[in-house]
Amino acid sequence: MTEPPVASNAAFASLDDLRTVLSHIDDGVTVQDASGSLVFANDAAARLSGFASADEMLAADISTLIAAFEMADEEGNHLALSDLPGRQALAGRDTPPLVVRSRIRGTDQERYSRLAARRVMGPDGRIQYVVNTFHDITDLKRNEASLAFVADAASTLATSLDYSETLQRVSQLAVPSMADWCVVDIGEPGSPRERVAVWHRDPEKRALAEELQRRYPPAPPGPEALELLRRGEPSVMDITHEMLEQGAVAAGHGPDYLEMMHILDPHQVLYMPLTIADRVIGSIMFLSAESGRRFGDSDLAYARLLARPAALAVENAKLYHSLEEAVRVRDGFLQMAAHELLTPITVVRGYAQALARTVARRMPDVGEDGMLTIEATRLTDSIQRMGAGTERLARLSHDLLDLARIQRGTIDLATEPTDIGAIARDVTEAALLQQDEGRYARNVLIDVVLPEELIIGDWDPVRLEQVFYNVIDNAVKYSPAGGRMQIEVAATSEGARISVTDEGLGIPPDMLDTIFQPFQRASNVSSEGFPGFGMGLSICREIVERHGGRISAASEGPGSGTQILIELPRSTDGATDHIVHDEASQSDS
């Protein structure tokens with residue numbers, strides 16, 4: 001091998017000393033002779049070119065060396081061997097430094113280098129050597145890409161209120177700028193999580209990752225990751241095959257899961273929690289795989305920059321959809337309210353107008369004593385109908401006021417020693433009387449089973465009467481003509497248990513809890529055209545829970561009837577600590 005000339009310098013005793021110096025610099029240095037053959041390379045050049053040592057690099061054929069790489073410029077345009085600064089210099093042309101993206105064929109390991117070349121002229125004025133320098137700027141380019149990704153992601157997060165769609169787009173931007181594989185989960189630590197986005201740089205592996213998502217729900221994080229999540233701290237963890245196998249066993253996944261994970265072959269994960277006001281609402285996982293990328297401090301910094309707008313996007317989207325739902329519920333409530341309030345108003349107004357017309361027609365028959373005779377049956381019926389209408393209006397008004405108090409936290413209990421059996425008996429007798437007076441569209445047989453002994457508890461009799469009335473009213477209203485319902489009151493070791501069972505419409509299984517939420521009604525109730533606000537049971541739940549009890553519904557589905565079960569402790573001590581007593585609220589009772 002022809003040795004490159006070395007200028008006389010007292011600092012270097014030999015050519016070996018110069019080689020030693022060059023081997024200790026981070027930039028790659030190679031020297032070509034006039035024919036283009038490689039005559040010198042330092043260790044950095046060998047490392048950047050994928051060789052174990054400079055000697056191994058020098059032993060390689062130049063054509064083999066070049067063929068081992070795919071080269072492109074910064075924009076990804078293919079570069080030929082003749083485009084490189086060294087070849088341009090050998091051709092006698094001066095070229096500026098060039099940023100080259102190089103990838104060893106058959107791998108995904110991509111590096112960026114800033115290549116420069118200088119000619120060394122011989123005594124005859126001809127090119128004797130060309131010195132090439134390689135400055136590795138891979139980390140710089142990755143940082144640029146990561147920063148651009150964070151900027152693009154933040155912009156994307158601000159453009160949509162569909163956080164699932166937005167986070168899917170963010171995961172696409174993250175690959176390959178930040179990682180080979182990106183996964184986004186939404187859910188608080190310890191609770192079920194929703195996988196809203198998954199993306200992989202390799203289309204085939206992306207399909208595999210999506211299949212993995214479909215077949216296997218996100219596994220709960222391990223103790224270490226869970227603690228980091230709770231603290232909202234990002235972390236970087238290496239992933240080994242042993243860890244994958246342990247995770248598969250812990251999650252109860254079979255060999256198919258493990259085979260898919262081995263194909264995806266993650267090497268390292270950067271785990272970034274998404275937090276709002278110190279509350280963790282999800283996480284973004286950046287995974288490195290075939291590229292061999294290692295996450296560093298700069299990656300953690302960029303992940304932190306992304307986490308804040310991502311968490312805000314999720315929270316804002318949820319708030320927006322909650323607001324949309326609230327507006328939808330409000331609009332539905334206003335429609336129901338208008339209908340429900342107009343119905344008794346129409347009844348009262350209709351009968352009042354009918355009585356007024358009757359009186360007007362009979363005015364000529366008024367005697368000297370000013371007395372007017374009206375048919376007793378008609379008068380009684382009109383008065384009863386108007387009374388029922390005004391009672392309905394009064395109850396609707398009280399329900400609206402109670403809901404307002406519940407939302408303000410000012411609904412109060414006035415507890416006193418109370419016999420629960422007496423309340424059940426009185427409300428049932430009132431329901432039977434109203435049934436006789438034609439309040440309901442159909443008559444229902446009502447059985448009452450009361451205990452022989454008194455069941456006395458520290459309860460609010462007025463509020464519990466309200467609970468009984470709402471539950472019994474629903475049971476009668478939704479029962480078929482001639483149907484049977486049963487009210488049973490029994491003593492328990494803690495207090496009392498009340499059940500109201502009917503043979504009516506029943507409740508869809510997925511709505512057994514929904515019916516206790518404000519303005520919510522079972523879907524079959526609405527479809528059958530039964531009037532109502534959906535307020536009564538939500539008020540009942542609030543009253544029962546403020547007594548320290550619980551209320552629940554059981555039904556085998558539409559058409560199978562319903563059972564409402566109420567359990568009350570004898571004392572509300574400790575159960576009403578959260579009640580806000582507001583004397584001003586008493587005035588609107």
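Trainee: Which helices and strands each supply at least two residues of the lining of the largest cavity?

Mentor: The model is a predicted one, and two cavities of 30 Å³ or more are counted in it. The largest cavity holds about 460 Å³ of space, and 25 residues line it. The elements that each give at least two residues to its lining are β1 (28–33), α4 (62–67), β3 (69–72), α5 (85–90), β4 (98–104), β5 (110–121) and β6 (127–136).

Trainee: Which of them gives the most to the lining of the largest cavity?

Mentor: Among the lining residues, those closest to the centre of the cavity are Ile66, Met71, Leu84, Leu115 and Phe134. Strand β5 spans residues 110–121. With four residues, the element that gives the most to the lining is β5.

Trainee: What is the order of the strands in the open sheet that has mixed pairing?

Mentor: Start from the edges: β13 (445–449) and β17 (550–554) each have a single partner strand, so one side of each is left without a neighbour in the sheet. Read across, the five strands are in the order β13-β15-β16-β18-β17.

Trainee: In what sense do β13 and β15 pair?

Mentor: Strand β15 covers residues 484–491, and five bridges link it with β13. One of the bridge pairs is Val449 with Glu488 in β15. The sense of this pairing is parallel.

Trainee: In what sense do β15 and β16 pair, parallel or antiparallel?

Mentor: A hairpin of three residues joins β15 to β16. Across the pair, Ala490 stands opposite Arg497 in β16. Over six bridges, the sense is antiparallel.

Trainee: Over how many bridges do β16 and β18 pair?

Mentor: Strand β18 runs over residues 562–569 and pairs with β16 in the antiparallel sense. Within this pairing, Ser499 stands opposite Leu565 in β18. The number of bridges is eight.

Trainee: Why is β16 said to be largely enclosed by the rest of the structure?

Mentor: A residue counts as buried when its relative accessible area is under 20%. Ile498 lies in β16 (residues 495–502), and it is buried because its relative accessibility is 1%. The strand is called largely enclosed because the buried residues number six of the eight in β16.

Trainee: Which residues is Ile498 in contact with, leaving aside neighbours within four places in sequence?

Mentor: Glu488 is 10 residues from Ile498 in sequence, and their C-alpha atoms are 5.7 Å apart. Glu488 is on the contact list of Ile498 too.

Trainee: Which residue in β10 stands opposite Met237?

Mentor: Strand β10 takes in residues 268–276 and pairs with β9 in the antiparallel sense, over four bridges. In β10, the residue opposite Met237 is Val269.

Trainee: Does Glu194 count as buried, partly exposed or exposed, and what is its relative accessibility?

Mentor: Glu194 has its place in β8, and among its contacts beyond four places in sequence are Tyr163, Ser164 and Val184. Its C-alpha atom is 8.8 Å from that of Gly282, which is 88 residues away along the chain. Buried means under 20% and exposed means over 50%. Glu194 falls in between, so it counts as partly exposed, at 40%.

Trainee: How many disulfides does a search of the whole structure find?

Mentor: Cysteines are present: Cys182 counts as buried because its relative accessibility is 1%, and Cys540 is buried at 1% as well. A disulfide needs two cysteine sulfur atoms within 2.5 Å. Over the whole structure, the number found is zero.

How values were computed
Residues numbered from 1 in each chain as written. Predicted model: local features only at pLDDT ≥ 70, side-chain atom pairs only at ≥ 80, totals over all residues. Heavy atoms only, no water. Pairing = 2+ DSSP bridges. Buried < 20%, exposed > 50% of the residue type's maximum accessible area, 1.4 Å probe, protein only. Contact = heavy atoms within 4.5 Å. 1 Å grid on protein atoms, 1.4 Å probe; cavity = no way out; pocket = protein on both sides within 12 Å on 5 of 7 lines; lining within 4 Å. Points joined across faces, edges and corners; volume = space filled by probe spheres on them.
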